[in-house]
Amino acid sequence: MTAPDSFALELKDLRKSFGKTEIIRGINLAVKHGERVAIIGPNGAGKSTLFNLISGRFGASSGDVLLNGTVINGLKPYEINRLGLSRSFQITNIFPKLSVFENLRCSVLWSLGYKYTFFKFLANLDDANGRANELLKMVNLEKKHDVLAVNLTYAEQRALEIGITIGGGANVILLDEPTAGMSKSETTRFIALIKQVTEGKTLLTVEHDMGVVFGLADKIAVVVYGEVIAFDTPDAVRANPRVQEAYLGSAVADEQAGGH
Amino acid sequence: MANENQSKPLNVGRWVTWSLFALVLMLAPLVFTSGLGLTVLSQMGIAIIACLSYNMLLGQGGMLSFGHAVYTGLGAFLAIHALNAVSSGALPIPVSAVPLVGGLAGMGFAALLGYVTTRKAGTTFAMITMGMGELVFAMSLMIPEFFGGEGGVSGNRVIGKAFLGITYGPPIQVYYLIAVYTFIAVVLMFAFTRTPLGRMLNAVRDNPERVEFVGYNTQRVRYTAFIIAGFFAGISGGLGALNFEIVTAEVVHAARSGAYLLFTFLGGATFFFGPIIGAILMVLAFVLFSEFTKAWLLYLGLIFLFMVMYAPGGFASLIMMNLRVASFGKLRQLGVSYLGLAVTGLVALAGAAALVEMTYHLQLSSSLGSEIVFMGVTLNTSGLDHWLAASVVMVIGMGLFEMVRRRFAREWEEIQAFIEMKTNQGDAQ
Amino acid sequence: MEFFIISMLNGLSYGLLLFMLSSGLTLIFSMMGVLNFAHASFYMLGAYVGYTVSQWVGFWPALIIAPLVVGAMGAGFERVCLRRVHKFGHVPELLITFGLSYVVLELVQLVWGRIALEFRPPELLQGPAFTLINHTVNGLSMQWGVAPAEMCSAADAAIRVVCSPFPATRGFMMLVAMVMLVGVWLLLTRTRIGLVIQSALTHPEAVEALGHNVPRIFMLVFGAGAALAGLAGVIGGSTFLTEPAMAATVGSVIFVVVVVGGMGSLSGAFLASVLIGVIQTFAIAFDYSVATVAQQLGLHLGEASLNNTFVKLTLSQVAPILPYLFLVLILIFRPKGLLGTREG
C-alpha cells in the first residue's frame, strides 16, 4: 500500500555512464500522483536516456528509481510495466503487421490477466475486446479498426502509440516526444487527446514544443547535461535565470536580470 | 457492434472451408488410387503437420530455425521405440496413440533444448538452432542404442488386436489415421493463432521490444510457442515412424531442416495456409520431381532464390494478391498478360532446362551415350547445333517474357492504384 | 613432447583457417547485418576454381587468381540478388544466401563432378616444413624439411627415435592467415576506404549523406569477404580434400565460431577459431574414453559400466560435436560470446 503523500515516481541520485562518459549525473526528482511533468532541455541533455533508465530499457549505474515507493531499477521492462508504469517511444514503436484493433488488444491482455494462455479464443474475451474498442474510440481510430498499423498515417500511428501505452491501465505514463514531427494543428489536437486519455494519471513527457509544455504541464523539469537544474511550475521556470542561461546564453540572462 | 455483424458471414465461410478440407482429406485416396498416390498422400499429411509447426516459429513468431528436424526426428525415434515397446507388450497403448508419444517427445525435447535456444532472437537464434541440429545429428552416430546406428530403428505397426478391423496393415488404413491426425492438428494449430498467446507471438515477431512494454516477457512467449511447435513436430515425426516403420538418423539431418525452411517459405510464411502448400510441394518435389530430372535440386535452389527476391510471401501471397484483385473485379483484365507470361515463360524455361539437362547428362551419364530425351525431343549433347538451338530458344523466350512482363507490370500498377483509390473512398465514408 | 608441439601447430593452423573464414563472415555481418550462409560455399568455390586455374597456370598464380574470381562472383551476387533483398529485412537476406548455398553446391557438382578432386599443393609445399626428432638419448631436435631415414631409426634397439613431420602446407596456411589478418587490419585502420567501411558499419545513412556510395561499399565488402573465403579455399583445398562436402563440413563450424567468439567481434572470432581448432585437433588425436582412463588410473569398473555407450565413447569419437557443445555452453553461461559486445 502506498502512503497517501508518497510519490508516484521518485528518482534518487540517479546516475548513468556509458563507458567513461557520464550521461546522467545525479538526478533527483519526485513526482506526485496525478502530476503532469514536462521534461525539457537542450538536445543531448539525456532526456531519452532518463526515460530509458526509468522504464528499465537499461540499468542505472547507480542511484534508485522508485515507483509508488517500490524500487524498480534493475527490474526488467515487463516487470516494471506490470507494476504500473508504461511508456511511449520517440520513434513510433507499434506492431506493424497487426491491425489497429489487434495492436490495442495486445496492450490490454496482460493487465486483464490473460498471460500466456492458449486455451481461450481472443474472439470470446469480451473484456479485452471491449477495452480495445474503448481505446479505439479514445484515440479516434474507430474507422481504422481493421487497417494494418503499417498503413496508417504518421499522426494516426502516434495516436495508436498513445493508445498502446495507456492500454494496460498503467498509472504512471511516460511519453517520449509524443508530438514529434507533427504539424501545428495536429499537435493541438494531439495534446487535447493526451490530456483526455491521461486524466487522473501521473504523466511525464519529454517535449520540445514550448507551447505544448506550457499548456499541458503542472510542473516542468529542466534537464541540462544530465542534471535537473530546475523543477518548478511553468512560470517559475520561465523566470529562472539558470534556465534562461541554459537556453539563451548567459549574456541574455544577465540582460534579463539587469533589466528588471 | 460492427464486429458481430461481420462475423456471421465469416463463420459460414469458415465452416465451408474446414468442411471442404475434411472432405478433400477423406476423398483424396479415391482419386489417387495407385500405391504411389497413396504413399504421396500419406507423406503430404505428415509434411503438412511438420511445416505448419515450423511456421509457428517462422511466420508467426519471426524465429528462423535451422534445426526443426531435431524435434520431428526425435519425435520419430521415440515413437518407433514406443511402437517396439507396444509390440513387446511393455507399453499398453493402442498403435493409434503412438504418434502422441512422438508429440510428447517433441514437446519434451523442445522444453529441454528450447530454454537455451530461445534466449536470443534473430540471427543468433538461427545459428543456435543450426548448432543444435548438428549436435543432435552428430550424437546420433554416437549412441546406437537410441539411434540404431547405420541401419536405424525398425518397428512393426501391425501388432495387437485389430480394432474394428483396423490392423494398419494396408496403407490405406495408415493414410486415414494420418488424415485424422492431420485434420485435428491443423485445426488446433489454426485455433492457436486465435488465442492470446498466438497473438502475442505475432506481436513478438513484429516488435519484440514493445511487447516487453505491454507487460509480456518476450522470451517466455517464444519459449512457450517453441514447446507447442515441438509438440506438433513430434506428432509429425511419430506419424512418419508409423508410416515407414523405420527411422534412421537422416530424420534429424540438417538437410531435412533445410527442406522444412525452404518449402515453408516457398509455400508462404505469412499466411496460415502457406505451409500447407509448401508441404504439398515438398512431397511432390522429393518423390516425383526428383524422378523427372537429376537437376531438381538446382531448379529448386533457383526457384527459391527467385521467390526470395520477387515474392517473399511465397505462393500463398501470390494467391492472395490475385484473389484481392479478383474481389475488385479486375482479374479478367490481367488474363491476357498472364497467358502471355505463361507462354513466354515456358518457352524460356524450356530452352534453359534443355541446356541444364544436357549439361547434367554430360557430367553424370555421358557413359549412356550422348543423347537424351527432353520433353519428347531427342537432343544430342555432343552436337553443337542442339546446344545452339536450346540457347536461342532460351534467349528468345527470355526476351519475349521481358516484353510481356513490362506490360503486365504496368497493368498491375494501374490495378493497384485503382484498388487503393477504392479503399480510400471506403475509408472516407 | 613432439606430439604435443606438432598437434599444437596442427591445431593452430586449422584454427587459423577457421579464422580466415570466420573473419570474412564477421566482416560481412558487421558491415551489412547479413549472415552469409553461403560463405562456406565461396570457400568451396575457391578450392575448385583454384584447382582448375592451377591446372592451367600453376598453383602460385592460382593463389591470386582464384580469390579474385570468387570475389567477383560474390560481388556479382550481391549486386544482382542480395541488393534486391536488403529492403525486406535480415531474414530474407539470410534466406537468399541459404538458397545460394544450394545453387552453388549443385553448380559445383555439375561442373566438376561429385567425386573428390586431387588438388595437389605445389612442389615447394609438398612434404614437411620441418621434422621434430625425439631421440631417447639426444633429446628433441629439429630438422628443416624431411628428416633422412637414418635419423629416424636407431641401430641400437634400446634407443627410441620418433620423427614427427609438420606439413609445409599447414605452415603455409598459417603464414597466409597471418598475412591476411595483418593486411585486413591495416586496411581497416590505416586506409581511407577502411575508415569509410568502419563508419558504414554503424552509420550507413550518415556515410551515404557524406557522399559515399554505400551500396557500392556493400558490394565491395561482400566481394572482399567472398575473396577471403576463396583464398582460404585454395589453401584448404590443397591441404585437405577438395570435394563437394567440404562446404558443409566447415560451414557449420564457422557459424559456431562466430557465435562463440561474439557476433561482430573480429578478435572474438580469432580467439574462438584458435580455441576450437586446437581443442578439436587434440581431441581427434586422443583415443581415450572414460573406460580407458579409468583403466589407466587403476579404477575397476563393472562389466555393465564398461559396456555402457557413454563410457566406451572415445574422445576422438566425440571430437566432431565439441564445437557444438561449446556453442551450447557459451549460450548458457555467456550469451554475448567470448568477446562480443553486440547482441546480434
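Me: In which helix is the place of A225(B)?
Reply: This is a predicted model, where local features need pLDDT of at least 70, side-chain atom pairs count only at pLDDT 80 or more, and totals for chains, interfaces and linings use all residues. Residues are numbered from 1 along each chain as its sequence is written, while chains are lettered from A and ligands numbered from 1 in the order in which they are written. Helices here are DSSP runs (H or I, at least four residues; strands are E, at least two), numbered from the N terminus. A225(B) has its place in helix α10 of chain B.

Me: Is A225(B) buried or exposed?
Reply: A residue is buried if 20 or more other C-beta atoms, placed from the backbone, lie within 10 Å of its own, exposed if 12 or fewer, and partly exposed in between. A225(B) has 26 other C-beta atoms within 10 Å, so A225(B) is buried.

Me: Which residues is A225(B) in contact with, leaving aside its neighbours within four places in sequence?
Reply: Contact requires C-beta atoms, placed from the backbone, within 7 Å. F408(B) lies 183 residues from A225(B) along the chain, and their C-alpha atoms are separated by 41 Å. With sequence neighbours within four places left aside, the contacts of A225(B) are M56(B), G61(B), L197(B) and L201(B).

Me: Are α2(B) and α10(B) roughly parallel or roughly antiparallel?
Reply: Axes are lines fitted to C-alpha atoms over the stretch in contact, and angles run from 0 to 180 degrees between N-to-C directions. Helix α2 (residues 35–57) and helix α10 (residues 218–244), both of chain B, pack at about 165° with axes 8 Å apart. Angles under 35 degrees count as roughly parallel, over 145 as roughly antiparallel, 65 to 115 as roughly perpendicular and the rest as oblique. α2(B) and α10(B) are therefore roughly antiparallel.

Me: How many residues of the contact of α2(B) with α10(B) are charged?
Reply: α2(B) contributes residues including I46(B) and M56(B), and α10(B) contributes residues including A225(B) and F232(B). Ala, Val, Leu, Ile, Met, Phe, Trp, Tyr, Cys and Pro count as nonpolar, Asp, Glu, Lys and Arg as charged, and the others, Gly among them, as polar. The contact of α2(B) with α10(B) has 14 nonpolar residues, five polar and no charged.

Me: Which helix supplies the largest share of the side of chain B that touches chain A?
Reply: This contact takes 26 residues from chain B and 34 residues from chain A. At least two residues on the chain B side come from each of α8 (196–206), α9 (208–212) and α10. The largest share, eight residues, comes from α8(B).

Me: Why is α8(B) largely enclosed by the rest of the structure?
Reply: The buried residues of α8(B) pack against α3 (100–109) of chain A, together with α7 (171–192), α9 and α10 of chain B. α8(B) is largely enclosed because its buried residues number 11 of the 11.

Me: Which chains share the most contacts?
Reply: No contact joins chain A and chain C, whose closest C-alpha atoms lie 12 Å apart. Another contact takes 37 residues from chain C and 34 residues from chain B. On the chain C side, the largest share, 12 residues, comes from α4(C). Of the two pairs of chains in contact, the most contacts are shared by chains B and C.

Me: What distance separates the centres of domain 1 and domain 2 of chain B?
Reply: Domain bounds come from an automatic or database domain assignment. For chain B it gives domain 1 (32–314) and domain 2 (328–428). Taken over C-alpha atoms, their centres are separated by 34 Å.
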